[in-house]
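Please look over the sequence and the structure shown here before reading on.

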Amino acid sequence: MFNFSYKTQRYLILFGFLTIPLALLFTFTFYPAAALLYFSFTEWDGLGFDMKWIGLENYKEVFARPELFGVFKNNLYYFIGGLIQLAIALYFAVILTGKVRGRNFFRVIIFLPYILHSVATAIMFKNMYHAEYGVINTILGSIGLESWQQLWLADTRFNNFALAFVSMWKFLGLNMVIFIGALQSIPDDMYEAAKIDGASKWQSFRFITIPSIRRVIELMMILTLTGALEVFDIPKVMTNGVNGTNTFVLQAIDTAYSYQKFGLASAMSVVLLLMVVAVILIQRKLLFRGEE
């Protein structure tokens, strides 16, 4: 038996516990990221190892072709919808944190859509939006509002709004629960002191609630941004990206697997990553400057 000192045993234990996590991290994170970056500089059909080094040509093509980079405008619908969703989620969180009868029931009802699988949610709303037998057009027809009936998923005036609403409906409950957890961490003494000083509910919300959950709001806005840029499942299932509903991730996947341009798709993925990092840094500088 080896007789190691206590200090050596500590190092051996630390090394043993860190080896497997670090190996997994390098295998499934750093190596794929480095490979993705390398692929973005090549012309590759995804088959075999016959890759042609072409430098920055893929990146030039991403920014030069409107059908590739221009689809970011569709992601904007999800981002704006996400911001509206955050405001609604915070509103419900404030109400359901107070003394409301049946608040746990309403929490469950609002959170329930998040539990549903994204594909099931998309199929459900696809049937609701259907032009002939969809629930929305059926209800409009039954109350005499036939002129309001629309091709919700085919008309380019409405389809991206309809898809963004599905995302809002699904993730509203999750954001509400996160806000409720943040609100419950605020001491009641602060609100009682503000009430004694004559502060209104709006003033308490503005000067106590918002500053106290500022970090949570920052996190939620970052998640909203990344979620809007990476949206895939809802437009894929409901429209397959047709009629102007394509998103950047959906376009990248089609570029790789439908057109077998894995190098170009890799460049699109790197551009997406850089855009996410840049927007997050700008967001922190503009909205949360002065925070340590």
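## Basis of the model

The structure is a predicted model, in which local features need pLDDT of at least 70 and side-chain atom pairs count only at pLDDT 80 or more, while totals for chains, interfaces and linings use all residues. Residues are numbered from 1 along each chain as its sequence is written, and side-chain values use heavy atoms, with hydrogens and water left out.

## The annotated region

An unreviewed UniProt entry lists residues 71-283 as "domain: ABC transmembrane type-1"; such annotations may be inferred rather than shown by experiment. Over residues 71-283 the chain is 75% helix and 0% strand, and the end C-alpha atoms lie 22 Å apart. Helices (H or I, at least four residues) and strands (E, at least two) are DSSP runs, numbered from the N terminus.

## Helix H2

Helix H2 spans residues 57-64, and Asn58, Tyr59 and Val62 are buried there (buried means under 20% relative accessible area, exposed over 50%, partly exposed in between, with a 1.4 Å probe and protein chains only). Seen down the axis of H2, these buried residues fall within an arc of 100°, so they line one face of the helix; the arc is taken from the directions from the helix axis to the C-beta atoms. Lys60 and Ala64, on the other side of H2, are exposed.

## Salt bridges

The structure holds 4 salt bridges (a side-chain nitrogen of Lys or Arg within 4 Å of a carboxyl oxygen of Asp or Glu). One of them joins Lys60 and Glu57 at 3.7 Å, N to O. These two residues are 3 residues apart in helix H2, and are therefore separated by about one helical turn.

Another links Arg215 with Glu218, with the closest N and O atoms 3.1 Å apart. Both lie in helix H11 (residues 214-229). Arg215 is partly exposed at 38% relative accessible area, whereas Glu218 is buried at 4%.

## Two buried residues

Met268, in helix H14 (residues 262-287), is buried, with a relative accessible area of 0%. Beyond its neighbours within four places in sequence, Met268 is in contact (heavy atoms within 4.5 Å) with residues including Val62, Leu68 and Phe248.

Thr121, in helix H6 (residues 118-128), is buried at 2% relative accessibility. Not counting residues up to four places away in sequence, Thr121 touches Pro113, Leu116, Val166, Trp169 and Lys170.
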